[in-house]
Every structure is written in C-alpha cells, then in structure tokens.
Amino acid sequence: MKQAKCIMVQGTMSGAGKSLLCAGLCRIFAQDGLKVAPFKSQNMALNSYVTRDGLEMGRAQVVQAQAAGKEPDVRMNPILLKPSSDIGSQVIVNGEIRGQMSATEYFRMKRQLIPDILEAYHGLAAENDIIVIEGAGSPAEINLRTDDIVNMGMAELVDAPVLLAGDIDRGGVFAQLYGTVALLEEKERARIGGLIINKFRGDEAILRPGLTMLEEKTGIPVLGVVPYLHVNVDDEDSLAPCLENQDAKKPLDIAVIRLPRISNFTDFSLLDEHPAMGVRYVQSARELGTPDLVILPGTKSTLSDLLWLRQSGLEAAVCKLAHTGTPVFGICGGYQMLGETLSDPYGTEGGGEMHGMGLLPIDTVFSDRKTRTRMQANVLASDFAGAKLDGYEIHTGKTTVRGDAFCLLENGQTDGCVSGNVFGTYLHGLFDTGSLTQKLAEYLCQRKGISCEQAAPVSHAQYQEQQFDLLADGIRRALDMNAIYALIEGKR
C-alpha cells in the first residue's frame with residue numbers, strides 16, 4: 001500500500017507559529033499539485049469543530065485542511081484535549097468523548113492511545129502524497145519527554161524529518177533554538193533537518209551574523225526567515241492575538257465578553273472582516289462601555305464562567321445595556337447564560353443549579369451526552385429574517401424555550417430564542433455564510449442612524465482562499481523549499 005511522505009514542524013514554545021507554518025506548507029504543496037493532509041496527534045484547545053460525520057476535532061487542523069483544499073477529517077487530529085479546569089481536560093479520541101481526566105491520569109494512559117494515533121495517520125497516508133505534521137509546545141519540555149506522543153515521539157513513530165521554528169517577535173530566538181536543540185537527545189537532534197526564524201520584522205541582513213553562528217553551534221542549517229505575515233487566518237487558542245484587541249476602530253462597536261473558558265471565538269472572524277464592524281474583547285465592566293452589540297460567546301464551562309461574569313460585575317453591566325435597548329447576542333454557552341435557570345443534575349459541569357441572567361425565557365438542563373451535529377438553518381427572528389446559516393452544534397444540555405425561536409433548522413426543528421433585542425442560538429459558525437453578517441450590519445447601522453452603504457464583505461470562503469494564498473506566498477518566498485522537498489525525500 002502506498003504511504004505518503006511527511007514533514008513535521010515543531011516549535012521552541014507554544015505560540016511560535018507552528019499552526020500557520022503548517023497551513024502555509026499545506027497550501028504550497030497543494031499549489032504544487034500534490035495531495036496533502038495535515039496531522040496533529042494531540043491538540044489542546046477549546047476551539048473545536050464538528051465534521052460532516054458529527055465528530056469533534058481541533059480547529060487548527062480544520063484550517064490546515066482547508067488550506068490544503070481538503071474536507072476536515074477527524075483522522076487529522078485523533079486526540080483533542082479540551083481544558084475544563086487548570087488541572088483537567090475532557091479527552092476526545094477520534095472525535096468521541098473518552099472521558100474527563102486530570103493531567104496526571106492522562107499522562108499515565110496516553111501511550112495507550114498510540115494505536116489510535118497510528119491508525120488515523122496511516123489512513124491519511126494511504127490517501128495522500130504528503131502529510132504535514134504539527135508538534136505541540138516544545139520538544140525540549142524534558143518533564144514531558146517520557147511517553148511523548150506529539151513531538152519527537154510522534155516523529156519517531158513515523159520517521160518524520162523535523163523543521164524547528166522559533167518566534168523572534170518575542171525576543172531571544174537564538175537562545176530558543178540553540179537551547180531547544182541542546183536539550184534534545186542525540187537521536188532527536190539528528191531528526192532536525194532545518195531551523196526556521198519566524199515572525200521577523202526588519203532587515204534580514206542584520207540577522208545574518210547570528211544565523212551563521214546558530215548554524216555553527218547547532219550543526220543545523222537555517223532554512224529561512226519568515227517575516228511577520230499580516231494574514232487573517234483563524235486562530236485556535238488562548239494565545240490568539242485577536243483576543244487582545246480592545247479597540248474597535250470601525251463605525252460599529254461589537255464587544256465580545258472574553259470569558260475565562262471562551263471557546264470557538266473564531267465564530268466572530270467574519271464580523272471583524274466586515275468594513276463596518278469592529279470586534280473587541282472585554283474582561284471588565286469598565287472595558288465594556290457602551291457598544292452597539294454585546295456578544296456572549298461559547299464556553300467550555302458555562303456555570304463557572306457565569307459565576308465569573310456575575311462576580312466581575314459584567315453580568316449587571318450587560319443586563320443594564322440590554323434593558324436600555326442595546327442588542328445582546330448569546331451563542332452556545334453564552335445563549336444558556338442568557339436564560340432564567342441552569343441545572344446540572346449529572347455533574348457535567350460540577351453539579352448544582354444557578355439562576356441565569358434572565359434576559360431570555362429559557363431553561364437549560366445539562367446532560368451527560370454531547371450534541372455534535374452540522375446543520376443548515378433559516379433565521380426566523382424578524383430583524384434578520386431569511387438569513388441562511390450553515391453551522392454546527394457542539395454542546396451538552398437541553399434548553400426549553402418559552403418564546404420565539406431564533407431559526408428553523410433543516411430537520412424541521414427550531415433553535416434558539418428571541419426576546420426583543422436579545423438573541424440566542426446554539427449554532428456556531430452562524431456568520432460564516434455572510435448572510436447573517438450583512439443583515440446584522442444593516443440592523444445595527446439602522447439603530448445607530450448611520451449609513452450602511454459600504455460594500456458587502458466577500459464571502460468567508462472567498463476571503464479565506466485569498467488569505468491562504470497570501471500565507472503561502474509569504475512562506476514560499478522565505479523558506480528554501482528545495483531543501484524542504486529534499487528532506488521529505490529522505491535526503492537529510
């Protein structure tokens with residue numbers, strides 16, 4: 001059976017830019033006429049995605065699959081860890097929940113997942129020419145080296161050559177790269193075929209003496225200096241730069257509450273792409289101010305994040321805005337918070353009951369089963385009526401609605417609730433078609449008394465394709481692709 005060749009990108013730390021580098025390489029290989037698929041054996045993120053067959057995977061590999069021109073496939077991310085506390089995560093294997101585990105419990109059992117990892121990998125390898133593998137964190141996290149399944153351990157399992165990337169934007173990139181290499185075992189160092197300086201701003205000539213010394217000290221060639229690329233590609237985790245944006249510089253000010261366990265904030269990427277709408281993230285009542293729209297996003301821990309919202313004073317501030325006419329939109333966990341009661345009889349979120357924000361006539365009871373499904377819908381809410389949605393549900397709990405529905409699902413059921421200027425839905429990805437985005441912009445402009453004659457945004461799919469091409473162009477210019485192809489062919 002044919003097996004694809006592979007290349008692996010590891011980093012000196014989390015946030016070094018591995019995910020974008022992998023997405024760029026996927027795009028380059030696809031542009032070069034090759035069948036390519038991304039792969040990450042273990043991903044830790046709260047931003048997840050539901051595939052066409054109802055399975056859950058990390059969004060980084062979804063973005064990489066889209067860059068490669070492929071339908072996202074759960075085999076691209078066989079293990080997904082969704083943190084539910086500082087020391088524990090929900091463990092998802094091949095798209096299905098395996099259980100809730102502490103870090104210690106997971107560390108003890110993770111090698112048992114190697115057969116699942118290899119089955120997923122070899123399945124993809126039989127269907128493609130190249131697999132682009134992403135590592136996690138740093139391979140030099142020596143406390144985690146034993147039983148590693150995501151960095152050098154994964155590279156060894158499939159005999160992958162490795163590119164090691166360091167983030168110069170944070171500073172200390174030479175120490176990052178040299179220190180990482182120095183802490184590896186000899187057989188691990190031998191796998192590294194090239195070093196990459198990532199996120200560089202400035203004149204590359206200034207770096208050359210350092211690059212020469214780095215090559216001399218490590219014995220590994222530097223295969224490129226990638227500039228800080230200004231591309232808008234979805235981020236997947238709490239390190240995403242968009243979460244630091246606190247200044248809306250467009251006519252419409254949209255404030256997203258940055259919950260402690262915020263998830264699927266990629267829902268709002270298309271809003272920020274619209275010429276009239278600026279998205280910012282807030283963590284206090286002082287930062288909230290008087291926006292044109294407040295959004296309560298999804299969360300991995302609805303009850304604890306609702307408690308935080310209450311204790312921080314943001315609940316009172318949001319309710320005050322809602323009562324004075326400011327539109328409020330809740331998605332998934334944020335939708336649940338807007339209701340009257342939340343009950344957790346199975347202990348899914350720690351158990352107990354809480355009263356909600358009281359802005360929607362709904363009650364939610366959490367269950368021990370997760371809903372995962374893709375769904376198309378038509379919006380019923382009068383202000384946005386007729387908008388076509390193509391999204392997905394990923395939540396625990398059943399919500400009883402005693403009011404008007406937000407949308408009609410393709411299966412004939414209704415979803416969400418509307419009460420005056422407060423809206424809620426379980427659907428993630430609801431803005432991706434652009435249909436609801438434009439109607440929302442018109443609604444907010446009309447409320448604000450300003451013109452909304454700006455051109456409608458391009459479709460999300462078209463915009464995303466443009467961004468992938470920009471990413472690939474920047475990386476192709478920066479990296480020695482001939483050397484990378486040689487590594488893939490086994491010429492180290």
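**Contacts, cavities and rings**

Author: Leaving out residues up to four places away in sequence, Q176 touches T12, M13, G166, D167 and G171. Keep in mind that this is a predicted model.

Reader: Where is Q176 found?
Author: Q176 sits in helix 6, which covers residues 173-183.

Reader: Is Q176 buried or exposed?
Author: Buried. Its relative accessible area is 11%, and the cut-off for buried is under 20%.

Reader: How far apart are the C-alpha atoms of Q176 and G224?
Author: They are separated by 16 Å. Along the chain, Q176 and G224 are 48 residues apart.

Reader: Now V162. What's the place of that one?
Author: V162 is in strand 10, residues 162-167. V162 counts as buried because its relative accessibility is 0%.

Reader: What is V162 in contact with, leaving aside neighbours within four places in sequence?
Author: The list is M8, Q10, M152, A155, R191, I192, G193 and G194.

Reader: And how far is V162 from I133 in space?
Author: C-alpha to C-alpha, 9.1 Å. In sequence, V162 and I133 are 29 residues apart.

Reader: New topic: cavities. How many of 30 Å³ or more?
Author: The count is one. The largest cavity holds about 60 Å³ of space.

Reader: How does anyone find empty space like that?
Author: A probe the size of a water molecule is rolled over the atoms, and this shows where empty space is left.

Reader: Okay. Which residues line the largest cavity?
Author: V63, N232, V233, D234, S269, E273, H460, Y463, Q464 and F468. By type, the lining divides into four nonpolar, four polar and two charged residues.

Reader: Which helix gives the most to that lining?
Author: Helix 15, with four residues. Helix 15 spans 460-478, and helix 9 spans 269-273; each of them supplies at least two residues of the lining.

Reader: You listed V63 in the lining. Which helix has V63 among its buried residues?
Author: Helix 2. Its buried residues are R59, A60, Q61, V62, V63, Q64, A65 and A67. Helix 2 runs over residues 59-67 and is mostly covered, with eight of its nine residues buried.

Reader: What comes just after helix 2?
Author: G69, which takes a positive phi of about 75°.

Reader: Rings next. How many aromatic pairs does the structure hold?
Author: Ten. One of them joins Y49 and Y392; the pair is tilted, at 5.4 Å centre to centre with 55° between the planes.

Reader: Which strands are Y49 and Y392 in?
Author: Y49 is in strand 4 (residues 48-50) and Y392 in strand 22 (residues 388-401). The pair links distant parts of the chain, 343 residues apart.

Reader: Are those two buried or exposed?
Author: Buried. Y49 has a relative accessible area of 8%, and Y392 has 2%.

Reader: Why does the F384 and F423 pair tie together parts that are 39 residues apart in sequence?
Author: Because F384 lies in the loop between strand 21 (362-379) and strand 22, while F423 lies in strand 26 (residues 422-425). F384 is buried, with a relative accessible area of 1%. F423 is buried as well, with 1%.

Reader: Which residues form the aromatic cluster?
Author: F329, F384, F406, F423, F431 and Y443 form one cluster.

Reader: Last one. What lies over the face of Y228?
Author: R201, at 3.7 Å from the ring centre.

Key:
Residues are numbered from 1 along each chain as its sequence is written. This is a predicted model: local features need pLDDT of at least 70, side-chain atom pairs count only at pLDDT 80 or more; totals for chains, interfaces and linings use all residues. Side-chain values use heavy atoms; hydrogens and water are left out. On a 1 Å grid over the protein atoms alone, a cavity is a set of points where a 1.4 Å probe fits but cannot get out, and a pocket is an open set with protein on both sides within 12 Å along at least five of seven lines; lining residues have an atom within 4 Å of a point. Grid points are joined across faces, edges and corners, and a volume is the space filled by probe spheres set on the points. Ala, Val, Leu, Ile, Met, Phe, Trp, Tyr, Cys and Pro count as nonpolar, Asp, Glu, Lys and Arg as charged, and the others, Gly among them, as polar. Rings of Phe, Tyr and Trp (its six-membered ring) pair if their centres lie within 6.5 Å; planes under 30 degrees apart count as stacked, over 60 as edge-to-face and the rest as tilted. Buried means under 20% relative accessible area, exposed over 50%, partly exposed in between (1.4 Å probe, protein chains only). A charge sits over a ring if NZ of Lys or CZ of Arg is within 6 Å of the ring centre and within 35 degrees of the ring normal. Contact means heavy atoms within 4.5 Å.
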